[in-house]
Amino acid sequence: MAALPSIVSAEEVTTAINTSNVYSPVAVQDNITVTGKVTDENGNPLTGVTVLQKGTENSTISDTNGDFSIEASDDGVLVFSLVGYSVQTISISGNTSVGNISLSKLIHTAFKDEKADEILGGVSSVNIENIIDENYFTYTLDNLYTFVSGYNGNSLWGYGDAFALVDGVPRDLDNVMPSEIESITFLKGAQAVALYGSRGAKGAIIITTKRGKEQDMKISARVNTGVYVDKSYPEYLGAAEYMTYYNQARKNDGLDPLYSEELIYKTSTGDNPYRYPDVNFYSSDYIRKFSNRTDVTAEINGGNKFARYYSNVSYFSANNTLQFGEGEKLGSDRFNIRGNVDMNFNDYISAAVDANITMYNSKGYVVNGSDFWGAASTWRPNRVAPLIPTSYINEYATTAQDLIALEENIYNGQFLAGSSTDQTNVFADLLYAGKTKATTRQFQFDLRLDFKLSQLLDGLSFHTQASMDYNTAYNTSFNDKYAVYAPEWTNVNGKDEIINLTKIGENKHSGVQNISARYNNRTTAFFAHFDYNRVFGSHTVNAMLLANGFQIEKSGEYHHIANANLGLDIHYDLGKRYFAAFTAAMPYSAKLQEGSRAGFSPSVSLGWNISNEDFFNKGLINNLMLSVSASDLSQDIDISDYYMYLGAYSTGGWVSWGNSGSQVGFQSKNAGNPDFGYIHRKELSANMRLGMMNNSLTFDFSAFTNLTTGLIYQPAGSFPSYFNYNGNNFIPNINFNEDLRRGFDVSVNYRKTFGEVKFAAGANFTYINAKANKRDDSGYQYEYQYREGTNLNAIWGYECLGFFTDETDIANSPDQSSFGAQIKPGDLKYKDQNGDNVIDSKDVVDLKEVNGWQFGAPYTMGINLSASYKGFTLYVLGIAQTGFSSVYNSSYYWPAGDDKYSVNVRNAWTPETAATAEIPRLTTGSANNNNQTSDFWMKKISRFDLTRVQLTYDLPSTLFQNNRVLSGVSVYVSGSNLATISKESEKITLNIGSPAQTRFYNLGVKVNF
C-alpha cells in the first residue's frame, strides 16, 4: 500500500522542505558549489538520493557512488531524501563540502515505518529491490533465511503460521512476485506484532510493494528463461528381479513361490515386454529429465512531487517433465498487472490508490486412481502392460480383430490393455480419460488517505486505509471413459500371439464440460490511526492510537475469519540515547463467550544506545544498542473452532423407550466451561546491535524465552472414567497446556571495498528449543512417557534392539503379537521398557533419549556472499541445518504385502545375510511390526545446501551515455538448489510419489530505458 507515515513523502519531506507556500529563487551572486557523499548507516553509498535546497526548486541526485554536487546559496539548507530512508537536513554555512551524509534506513513495521537504528529488537528486514538484480528468484520467500536470522523458512522464533501481509492487508504471499517487492520485514518479537492483535501473536511477515519515485519516467524490462533439471528418481526393481524377491518373501512366510522360474526367465529376456510386462515409469518414453520456465516483466516508475506511479506487468509460463498423452500439455501460466499511485493534493492531504489483477491457469488430466507419480511408487512392474501393439493379434483371431477394428482409442498402433482387476491405469488416463483446467482470478484494491493535522496540533496526523480483495477459482474438466482389453496369449511356432481379447468397459465421450471446486473468497480490511510525532529539544515522542480489523469470507464456511482490535503505541527517546516504548492492543474474539471476548495485550520495551553517550569512545566499536522487552499477547489462533466454551450435543447411539423400540439418541460431546478464555504468549526478549569499523562489521543478536499458556485441552485424566463413557463425553474444554520456547538468533554482516572489489558477506544463525512445559500426563502409567518437559518436535516410537535371529530368540523375547503380525526371524525386535514382557504402546518412548535428535532442525544457519568487480557481480547463497532426524519407514525403504519393491530389498534380511542386512525380512503379510516408528528407521541429519549461485554482468555505462533509448543492460546466469552435502543426501534429495526435486538453471537479461 502507500508509504506509511514515517516514510519520505508528503509529511516529512514537506515539513523539512517548505518554509512557505512560495518558492524563492536562489540568488546567483551568493551561490557556491557544494559537494558531498550520501551513505546508509553502514557506510554503503546510496544512489538516487534527492538533494534539494530548502525553500527552492534547486535540486540534484546522488550518483552510483553516492556522490553529489549542487550549486546552492552559501547560507542555505540542504534536504536529503530517498524513499525508504529518513530525511536529513544540513546547513551549508559557507562550506563547499558537507562531507559524508548518513541516512537511516526505514523499516516497515506494524502500521508505521521506523528508523533501523531505533528499533527495539525482534525485527529483521530484507530490501528485495536492492538484491534482486544480483540474486534473481521467483518465489516470494525463497532462500530469505540466508539473510534473516530467527526465521528458518517455516517459522519465526519457533512459531509457525506467521501473519502474512501485503501492503498492510492479509494476503497470500504466493500472489506477489519478487519483482514487485520493495522489502520484506519479519516481525519476530511479541513487542513487534502486538498492534496486530490476536492474529499477529505468532509473528508477522510484511511485504511492501514498490512505489513510484519523484523522477522522470523510467522503464525496465526483464526476461528470464531456464530449465528445471530433475535431481534423482526412485530406483525400483525390474519385473524379473521383483518376482524373484517376491518369491523370497513368500519363502520367508513359509509359502510356495508364486512365480515360476520360466516366467522369471522369459520376463528377464525382455523379448516380449507385452506378454511379460516390465513397466518402468521413469523411462524416457514417459518423462524427460527437464522442464522449462520463462517469465517476462516490465516495470514503469516515475512522477513528480504531486503524483508518483509504479506499474508492474508480468507473465510466466512453466511446463512439466511428463511427455506422454495429456502430460505433454501440462503446465501453468500467470499474468499479473499491478499499479500503485501516490498523490499529494496539497501540503496537508495525500492519498494512494493501488490495484492488482492476477490471472492464473493450470492444465491437468483426469485421474481414475493415483496420478502418474503416485502410480510410479505403487504400480508393480509385472502387473500389466498398459499398451500392446495390435500386430500381436493373430491374423486368424477374427473376434479379436473385429473388436480392435471398431476401437477408436488406438495409440501409435497400440490398444489399451488391462484385466478384470486393472480396468484403468494412469497411462490410459493420460491418453483418453480427459483433461482438466484450474482457473484462478484475484482482484485486489487499496485506498489510503493521509491527513497532516498540524494546524490543529503540531505533530498530529491521521491515516486510514480500506482494502477489498476478491479471489475466485474453479476447475473445468471433460471426463471421458475408455475400454481396456484383456489379452489371451499363446505361442505359435515360437512366436507369441494374442488369440482372444476380452473387452472391459466402454468408450464414452460426452463432450460435457464439468465445473467443480468452485469458490469465491473475499477479504475486507480497514485500519485507521492518529499519529503524534514531536521533538521537544532532546525529547522525542511518537504515539499512535489505532483501530484495525479484517474479515475473510470463504465459500462454504459459515464463520468468517476475522480479526479486530484497538491499539495504542507510545515511543519516547531522550537524546537518541534512552528509549522506552509501550504498546497495547485490545483484541476482540467471537470464539469466546460474551463477556470474555475483549482481551488485553501489553508490551513494554526499554533501550539504551550506548554509542550516543558522551563517555563512549568511538574507536573500533562505533555503534552499540541494547534493548529488552516484556510482552503478554492474547490470541485465539490456537482455538480451533467456535463455541468451544459451550456444551455440545449430537445425535448418536441408540435408546429404547417403552414399546417404541430402538431410536437414535443424543450424546454429549463435551461439557461447557464458563472460564474458557484467551491463549497467551508471554515473552521476555533482549537485543544487542553492534557496529564495528565504521559499521563495516555489524552484529544483531536477540535472545528470547516465551511461554504459551492456556492452550486448549480436554482433561480426560482429571475426571472420573464415567465422564467419558460409551460415546458420551462430559469433559469440558479448558485452558491448560503450556509450551515453552527458548532460543537466540544472531546476524553478522561484513562489507568492505578492496580497491575495485566490493565484497559483502553475511551469516545468520538461529537456535530454537521448544518444549511441552505443562501437560496432563495422568493418562500415562510410566514417567518415561510423560509429555511434559519433552520437546515439541520429539519423535515417539520404539527402541529397536536389532533383528530377531531365530525362533529361539523370538521365544525368549517379550511378546510382540500386539501389532497383529506374525513374528519371524528377520523381524525387528523392540525393547520392553516397562518389563511386563509384552511389547505394546506402553513401550513407546521419546526417541531423542535414544537417538539424541528430533524432528525439525533446532540449529539453522544461512550465508550470503557477494563480490563485485568491474561490472561483474558474483552472488552465493547457502543454508546449513543440523540437530534433527528424519524417519524413513515408507514402503520404498521396506515394502510388505503387495508393495512395489525398490532396490533397498537387495539388503533385506535372510538367514544368509543376517550379519549384513540393512532392512527386515521381506514378507507378503502385514507390515505392522516392522514399520512402526522406531530408531531403526531414524537417520541423523546434518546438511548444507548450496541454494543459489548467480553471476551478473552490467554492461559499461559509457555504452549508453549518448543513447536516448537505453540507459543500461544487465545479463546474468544462475543456478538454484545446486547441491546438498550430507551423509544422507540420497534420501534427502529423493521424492517418492511426487515429482522429482530439481535444480534450476536460468539465463536472464534486464534492460533499462
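This briefing covers cavities, strand pairing and salt bridges in one structure. The model is predicted. It contains six cavities of 30 Å³ or more and 39 salt bridges.

**Largest cavity**

- Strand E9 (112-115), helix H3 (190-193), strand E28 (561-574), strand E29 (578-588) and strand E30 (601-609) each contribute at least two lining residues.
- By residue class, the lining holds nine nonpolar, seven polar and four charged residues.

- Three residues separate E28 from E29 in a hairpin, and glycine 575 in the turn has a positive phi of about 60°.
- E29 also pairs with E30, antiparallel and through eight bridges; threonine 583 has serine 603 in E30 as its bridge partner.

**Four-stranded sheet**

- An open sheet of four strands has the order E3-E2-E5-E6, with antiparallel pairing.
- Strand E3 (59-61) and strand E6 (88-91) are the edge strands, each pairing on one side only.
- From one strand to the next, the twist averages 20°.
- Three bridges hold the antiparallel pair of strand E2 (residues 50-53) and E3, where valine 51 faces threonine 60 of E3.

**Salt bridges**

- Lysine 202 and aspartate 638 form a salt bridge with their closest N and O atoms 2.6 Å apart.
- Lysine 202 is in the loop between H3 and strand E14 (204-209), and aspartate 638 is in the loop between strand E31 (621-635) and strand E32 (648-656), 436 residues apart.
- Lysine 202 has a relative accessible area of 12% and is therefore buried, whereas aspartate 638, with 27%, is partly exposed.
- Glutamate 299 and lysine 210 meet in a salt bridge at 2.7 Å, N to O.
- Because glutamate 299 lies in strand E16 (residues 290-303) and lysine 210 in the loop between E14 and strand E15 (215-230), this pair ties together parts 89 residues apart in sequence.
- Both ends count as buried: glutamate 299 at 10% relative accessibility and lysine 210 at 7%.
- Arginine 906 and glutamate 241 meet in a salt bridge at 2.9 Å, N to O.
- Arginine 906 lies in the loop between strand E45 (872-887) and strand E46 (938-954), 665 residues from glutamate 241 in helix H4 (residues 239-252).
- Arginine 906 is partly exposed at 45% relative accessibility, and glutamate 241 is partly exposed at 26%.
- A network of salt bridges links Asp167, Glu180, Arg334 and Arg338.

Technical notes. Residues are numbered from 1 along each chain as its sequence is written. This is a predicted model: local features need pLDDT of at least 70, side-chain atom pairs count only at pLDDT 80 or more; totals for chains, interfaces and linings use all residues. Side-chain values use heavy atoms; hydrogens and water are left out. On a 1 Å grid over the protein atoms alone, a cavity is a set of points where a 1.4 Å probe fits but cannot get out, and a pocket is an open set with protein on both sides within 12 Å along at least five of seven lines; lining residues have an atom within 4 Å of a point. Grid points are joined across faces, edges and corners, and a volume is the space filled by probe spheres set on the points. Ala, Val, Leu, Ile, Met, Phe, Trp, Tyr, Cys and Pro count as nonpolar, Asp, Glu, Lys and Arg as charged, and the others, Gly among them, as polar. Two strands pair if DSSP finds at least two bridges between them. Axes are lines fitted to C-alpha atoms, for helices over the stretch in contact, and angles run from 0 to 180 degrees between N-to-C directions. A salt bridge is a side-chain nitrogen of Lys or Arg within 4 Å of a carboxyl oxygen of Asp or Glu. Buried means under 20% relative accessible area, exposed over 50%, partly exposed in between (1.4 Å probe, protein chains only).
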